Each structure stands twice: as C-alpha cells, then as structure tokens.
Amino acid sequence: MWLSRHGPPEREECVAEAVRGAVGGFAEIPPEAVRTEREYELADDTDERLLISALEEMIFRAETAGELPARVSVRRTGTAVRMRLAMVDSALVEQVGAVPKAVSLHGLRMTREAAGGWRCHVTLDV
C-alpha cells in the first residue's frame, strides 16, 4: 500500500506521510485549532537519516514546546531538505495513544520501490 493518496510518493512526501502517520497514531487534532508555522532544515546524508531527522524533530517539539504538527510538508530546496510544520498547542489535541519518546533504529528502512515511489518502515518507542 502506498503512503500517498496520489500514487507513489517521492522521497520527501514519504517522510512527510511518516510524520503525519506518527502523529495520527497518538493524537486527534481539531481542524479549527490555531496553527503556528515553523520550518526546519533536516539532516539528509542518507535516506534513513532524513526520516529519523523529521520524526525526531516532531518528538522534540512535542516534548519541549508542547506542540504537534497539524500539517507537514517536506521539500528539497537547493542542497537542503526543509520541513514545514503547522503546529498546534498540544493542550488543544485529544490524545488517543502513547506519545512517542524516540525513534528506534531496529528495523528502520526507507527504500525506493522498483515500481517507483518510496516506502518506509519505522518503529517509535513510547
């Protein structure tokens, strides 16, 4: 099953979908919640490092700033990969699962599929 709703995802979209899926696993964000835009440069020396970097940023923001992303986009800009997040205060979110504390390296995979697009597999520690 592809992560993207519009066919095979590109690498950056696959990472964005992984972050959205991770958040959806523990939180329901009300559509009317006020959002604050934030942007981060991600480490991308390997495909797996890009995935880890994005998920670790989401976990860090949840733990230290009490914010969760309602919208996520990841794009390449020149030589950098940037993640844009529309953040909401976690006090406005309904918690439906355990909040992740770390990204596990065990079984971590991010691969380009033979048919095109990307697929990732990651375990989050709670």
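A crossing of two helices is called left-handed if the near helix is turned anticlockwise from the far one by less than a right angle, and right-handed if clockwise. I needed that for the helix pair below.

**Entry 1. Ground rules.** I am working on a predicted model, in which local features need pLDDT of at least 70 and side-chain atom pairs count only at pLDDT 80 or more, while totals for chains, interfaces and linings use all residues. Residues are numbered from 1 along each chain as its sequence is written, and side-chain values use heavy atoms, with hydrogens and water left out.

**Entry 2. The helix pair.** I took helices (H or I, at least four residues) and strands (E, at least two) as DSSP runs, numbered from the N terminus. Helix 1 passes helix 2 in a right-handed crossing. Their axes come within 10 Å and cross at roughly 35 degrees. Axes here are lines fitted to C-alpha atoms, for helices over the stretch in contact, and angles run from 0 to 180 degrees between N-to-C directions.

I then listed who meets whom, with contact meaning heavy atoms within 4.5 Å. On the side of helix 1 I found R11, V15, A18, V19, A22 and V23; on the side of helix 2, D47, L50, L51, A54, L55 and M58. I sorted these residues into ten nonpolar, no polar and two charged. The classes count Ala, Val, Leu, Ile, Met, Phe, Trp, Tyr, Cys and Pro as nonpolar, Asp, Glu, Lys and Arg as charged, and the others, Gly among them, as polar.

Entry 3. What is the order of the strands in the open sheet? I read 2-4-3, with antiparallel pairing. Strand 2 (36-42) and strand 3 (67-77) are the edge strands, each pairing on one side only. Two strands pair if DSSP finds at least two bridges between them. Neighbouring strands of the sheet are turned by 25 degrees against each other on average, direction ignored.

I counted seven bridges between strand 2 and strand 4 (residues 80-89). On that side E39 has R84 as its bridge partner, and E41 has R82. Strand 3 is joined to strand 4 by ten bridges, again antiparallel, and R71 stands opposite A86 there. Two residues lie between strand 3 and strand 4 in their hairpin, where G78 takes a positive phi near 65 degrees.

I also checked burial, using under 20% relative accessible area for buried, over 50% for exposed and partly exposed in between (1.4 Å probe, protein chains only). In strand 4, seven of the ten residues are buried.

**Entry 4. Helices on the sheet.** Helix 1 (residues 11-24) lies across strand 3 and strand 4, at about 175 degrees to strand 3. Helix 2 (residues 47-65) lies across strand 2, strand 3 and strand 4, at about 140 degrees to strand 2.

**Entry 5. D44.** I found D44 in the loop between strand 2 and helix 2. Which residues does D44 touch, not counting residues up to four places away in sequence? They are R11, L50, R76 and V81. For polar contacts I used a pair of N or O atoms within 3.5 Å; within protein, one must be able to donate a hydrogen and the other to accept it, and residues adjacent in sequence count only if both atoms are side-chain atoms. The side chain of D44 has such a contact with the side chain of R76 at 2.6 Å, and another with that of R11 at 3.4 Å.

**Entry 6. E67.** I placed E67 in strand 3. Is E67 buried or exposed? E67 counts as buried because its relative accessible area is 10%. Its side chain makes a polar contact of 2.6 Å with the side chain of R38. Leaving out residues up to four places away in sequence, E67 touches R38, R61, A62, M87, V88 and S90.

Entry 7. R109 lies in strand 6 (residues 102-112). I noted R109 as partly exposed because its relative accessible area is 45%. Not counting residues up to four places away in sequence, R109 touches L51, R119, C120 and H121.

Strand 6 runs antiparallel to strand 7 (residues 118-125), with seven bridges joining them. T111 stands opposite R119 in strand 7. The hairpin of strand 6 and strand 7 has five residues between the strands, and G116 takes a positive phi near 105 degrees in it.
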